[in-house]
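Hello,

Here is the structure I promised to pass on. Please open it first, then read my notes below.

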Number of protein chains: 4
Amino acid sequence: MQRKNFLQSPVKHMKIDRALTVDSLIQQFRNAGSFGAGRLSTACDVYEQMLRDKKCTIFLALAGAVVPAGMRSIIADLVRKRFVDVIVSTGANMVHDAIEAIGGHHYKGNWFVDDYTLFKYHIFRIYDVFVPEEDYSKLDNVLVEIFDEIAKENRGKSLSSNEFSRELGKRLKDPDSILRAAYKADVPIFLPALRDSEFGYAYWLHASRNAFKSTLMVDAFKDVAQIIDICDRSPRNGMLVIGGGVPRNTVQSATLAAKKGMDYAVVITMDRPESGGLSGSTLRETVSWGKVKRKASKIMVIGDAMIIFPIIVASVLERVGENFKRVPYLARKKI
Amino acid sequence: MQRKNFLQSPVKHMKIDRALTVDSLIQQFRNAGSFGAGRLSTACDVYEQMLRDKKCTIFLALAGAVVPAGMRSIIADLVRKRFVDVIVSTGANMVHDAIEAIGGHHYKGNWFVDDYTLFKYHIFRIYDVFVPEEDYSKLDNVLVEIFDEIAKENRGKSLSSNEFSRELGKRLKDPDSILRAAYKADVPIFLPALRDSEFGYAYWLHASRNAFKSTLMVDAFKDVAQIIDICDRSPRNGMLVIGGGVPRNTVQSATLAAKKGMDYAVVITMDRPESGGLSGSTLRETVSWGKVKRKASKIMVIGDAMIIFPIIVASVLERVGENFKRVPYLARKKI
Amino acid sequence: MQRKNFLQSPVKHMKIDRALTVDSLIQQFRNAGSFGAGRLSTACDVYEQMLRDKKCTIFLALAGAVVPAGMRSIIADLVRKRFVDVIVSTGANMVHDAIEAIGGHHYKGNWFVDDYTLFKYHIFRIYDVFVPEEDYSKLDNVLVEIFDEIAKENRGKSLSSNEFSRELGKRLKDPDSILRAAYKADVPIFLPALRDSEFGYAYWLHASRNAFKSTLMVDAFKDVAQIIDICDRSPRNGMLVIGGGVPRNTVQSATLAAKKGMDYAVVITMDRPESGGLSGSTLRETVSWGKVKRKASKIMVIGDAMIIFPIIVASVLERVGENFKRVPYLARKKI
Amino acid sequence: MQRKNFLQSPVKHMKIDRALTVDSLIQQFRNAGSFGAGRLSTACDVYEQMLRDKKCTIFLALAGAVVPAGMRSIIADLVRKRFVDVIVSTGANMVHDAIEAIGGHHYKGNWFVDDYTLFKYHIFRIYDVFVPEEDYSKLDNVLVEIFDEIAKENRGKSLSSNEFSRELGKRLKDPDSILRAAYKADVPIFLPALRDSEFGYAYWLHASRNAFKSTLMVDAFKDVAQIIDICDRSPRNGMLVIGGGVPRNTVQSATLAAKKGMDYAVVITMDRPESGGLSGSTLRETVSWGKVKRKASKIMVIGDAMIIFPIIVASVLERVGENFKRVPYLARKKI
């Protein structure tokens, strides 16, 4: 490469001299093109490409306290609009969705409160969000009944994690619920570590009162074939990753098993690569595995997903317009 | 509190004027008592207290690429010495243990290599560690056979994740293996997200060749009761956490379900609290939940676990001496 | 505090269902109120309060490569609009401003280039921004002349760092320049570590060709009294901090010396507190010193300033309107 | 490069089965060779190489609260042993050295104290270190006298920052002081941002009582030539960087100005590269500038310097032995 090739595009300084829409600001970020601003504008481009690619299946991986912190409606809306096709989540996020679905709440709190006071008051803290214990207890009661019911209906049959979330979505009536929206939109929600959440505790209550007999049965491995199959049948695959952990790994492993590799990838994280964990690993590293293609449109944004993800959604929604209709490839295939 | 109470202990400056043992250095860190050095010296104290407390059960939570990076023997030794009683791990770490158990290797690499070259060479990168694909393939072949065998032996019966790892440990002959050492020492290894690893892919191969019939069956929820029971029967509980994620959450949830709360806690992480994820949440925050007791001996060390954890182990081993015998409380109870 | 007081404000989930202006998005962030989103919405509130407080002097502290990355115009505009009253900066940011003022450029590059190739091509890299060496050399030549001139005009007199930047601003003709805008708007730019930048090297060239005699003379301490005086004469003081380091410390020390303490504070940083550096220290910690008042409106946002700061500016500009006029308190006093 | 070249060195798992010296542990880290452990073992190697290279001048860059946190003696000892040749520091670290030199103290505190209580008690907090205001005031009084004295002795003459620290070192009698040790060992201490510290405030007191006439005069630029000259006269240069900020940049700029580039570099930091600041910039990036040579022995360790730096010092001291004599190249040249 010649010297001049390195000096092609001067940084155009951002200009903020009037009220801007979110996407106009992102265009300023693209003009500058550097550091986090450049990455964020690229992330918007990559998600826009995924949406406009009619042969792409879009995976949304959710780790971290996405729902408690206020992104429940954004995600439910993405599901309803078919702007995502598959969700892979921690159990906890669906627990928090269910808490609100049955009338519970998360409350704005703060991080400098005395935690022992909260303990005595039976209030749980998630950084600066408070959740009263009774909302968990109420959920436990509801779940125990639901689990009894699912167990009865599926005697001798074990469910996959996505069938489990479908059963929940079927029973939750709150239209704002992610689980409910996914059930109605036929968007599978995979929960590869569902026992690691209040679902595990509720299961234990349910199993205890049934003397550990004829209980709900979730097969830890059953969803593997199902998620691989989705990657396999999709001409192209893309992922939006909030956080990292098990959800990111599950999505990446599915595309690897399907011998495909992601065609698009946006990862939002605060983790760094040097300590070697999956959550902070670069998208470049995933190329060595074949989890993401070398030529994929891909970007990692370093930042708090509660800030970054809504910006991406707002920017891309503005680009495609409110009336943009997306029919998922696999849904079209089905017909 | 009076003013003078805040000004009791002057920082004593560290002195490094000759060859020091690891624990002598930690004593210098305690003298200084500040920032990371103070936290690290406290972490050594907390682990020492756990070991010397005859009524404490010690949980080790493993997330991140602990085994690929070289801590396999340290953990196997802790198991053999009964310096930990329960392991909760990502699936991946046990996959990497098994890779080495059947003759595979991890290789020292670097992080600035061209990943597409690695891809073409079928070499996978984990930051600066390389793993050849054939070592994974070899493991797949072994696992498929083992899964067939376990399925046959357990027809109609489903295993918990810890029973699954026990079955693996029984069949691996490598004395250096963590799975093997845990099998022999009767230390349970819980894998709350085991499908999210090569175990998931190997399961898929195994199930495919059995036409998805009569396959190995791991019950996603079965281990919940077992880990809660351990917390419940232990007069006191302590945790050593490397990383965060599902393993940390699983351990904390178990003690919460058992209505106990940890008495001791050491967490090593690079994650920060502000973005609200579990991995970076402070130990103070866990007090609100009752996952860790207000008066617990507890400390979070901010750093790379590959540096911090070996130091803690070396320092504490030096303190208790090579001949220190520890008999786990639950093992004594059994007899 | 009673239990119910902790459970007053439910998190209202963000809603993004149409094109939003930046401030509408920030209002959604306020509704949610948690993690980074909550902090960012608070930061916008705090800056708005500063702007609307007619007795507040606003300090902008700049560390990090703010100018190379594309925020030059934003800052120059803030100066022109009198939305900031005092700048405290690293030398480097003003060097980069001057590079562009004399026709040089920063270029969009990338972070995975081979740095030795860049070295051979005489291209300098700042993460993903490239700067050709000749633009630095051109600046050196200009600065040497300017320094000769300033030295001649100030024989036997030493300048403060802000007088130094004023002299530069006087001589740069580019209307887009921060230095120029500040000169015209009478906004002082303090450079407490100016020798730690290309200004230091240019000084060395200038001094060498003058045999180290009758050179430009900048008094390292002279600006101390001037910045303290500004804090002292202002009924209230506020700070916007990008990054940390010397600029943040200089601003905080000035308010401490004036025995005032900041009334408003917004800090944007990626640094964390545990390792004890000033850049990551919390605003709570500054209260112990008296650098920030206990009751100050204050918030720290954890994130990349290249994303966060433009959002704050856009949101607040939208709130106050394009025609909002602000006359700095000290300017009014002067008249 | 052929495939097999990537798979040369299997990770050897660390073994901790008895009391280990610090360097024995580092040898285990080298065997593993990965993540932070690998980087730390390399850092020890690089510092050892610097020490054994008879033609290398060693720069130590100090940012962050190195002295308050307990590393004062380590640094003073390195100076006395001539294990470093030049120090470049924030003003604050030398202020804290001086506080202890005149009988003040830093105290072990904690980070969860109420800061307003501290404020009322006139106790300043630096993360978990407390400093009573009276120790600062005492220092102010001493400094004002010293500044008067220096001013008198240097009428009409301006000092460089290193001459300033030399004057302080000459007057402080505490043998444990870094300033004192450096004075005696003829190790220059550059303070490129000295006004950004209590020195600035003390200057202001001193100048005020002298009606801003005939005051101490420190030339902001005078040290530039002196530090470049050191790089220039040294056949090889190496740097140990704690933190980043102005000290790191000053050292790197000196070697660049001398058209040399560092031959050895160890950087310890918690900062990350993506947000574009100097402190987190990689050593690879510095190669594009010529600040560090392509073939330099260089490594960046991600971690808390209060943990990492003492380990490096202990490991290297153990390697070279207590009786290792090092005569700095420039000192030998002088004779």
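The expected span of a helix is 1.5 Å times one less than its number of residues. Keep that in mind for helix H9 of chain C, residues 198–209. H9(C) has twelve residues and covers 17 Å from its first C-alpha to its last, close to the 16 Å expected. One caution before going on: this is a predicted model.

**Helix H9 of chain C**

Among the buried residues are Phe199(C), Tyr201(C), Tyr203(C) and Trp204(C). Glu198(C) and His206(C) are buried too. What do they pack against? The buried residues of H9(C) meet helix H4 (91–101) and H6 of chain C. They also pack against two helices of chain D, helix H10 (222–233) and helix H11 (245–257). After H9(C) comes Ala211(C), with a positive phi near 55 degrees.

**The sheet of chain C**

Chain C has an open sheet of three strands, in the order E3-E5-E4. The pairing is antiparallel. Strand E3 (107–108) and strand E4 (123–126) are the edge strands, and each pairs on one side only. E4(C) pairs with strand E5 (residues 129–132) over four bridges. In one of the bridges, Ile126(C) has Val129(C) of E5(C) as its partner. Helix H6 (residues 133–153) lies across E4 and E5 of chain C. H6(C) runs at about 55 degrees to E5(C).

**Where chain A touches chain C**

How many residues of chain A are in contact with chain C? The count is 58, and they contact 58 residues of chain C. Several elements of chain A each supply at least two residues to this side, including helix H1 (22–32), helix H2 (35–52) and helix H13 (305–320). H3(A) gives the most, with eight residues. By class, this side of chain A has 32 nonpolar, 15 polar and eleven charged residues.

**How chains A and D are related**

Chain D can be laid on chain A by a turn of 180 degrees and a shift of 0.0 Å along the axis, with an RMSD of 0.0 Å. The two copies are thus related as by a two-fold rotation axis. In chain D, Arg272(D) has the C-alpha nearest the axis, 3.9 Å from it.

Best wishes

Conventions:
Residues numbered from 1 in each chain as written. Chains lettered and ligands numbered in written order. Predicted model: local features only at pLDDT ≥ 70, side-chain atom pairs only at ≥ 80, totals over all residues. Least-squares fit on C-alpha atoms with pLDDT ≥ 70 in both. Contact = placed C-beta atoms within 7 Å. Nonpolar A, V, L, I, M, F, W, Y, C, P; charged D, E, K, R; others polar. Pairing = 2+ DSSP bridges. Axes fitted to C-alpha atoms, helices over the stretch in contact; angles between N-to-C directions. Buried ≥ 20, exposed ≤ 12 C-beta atoms within 10 Å, placed from the backbone.
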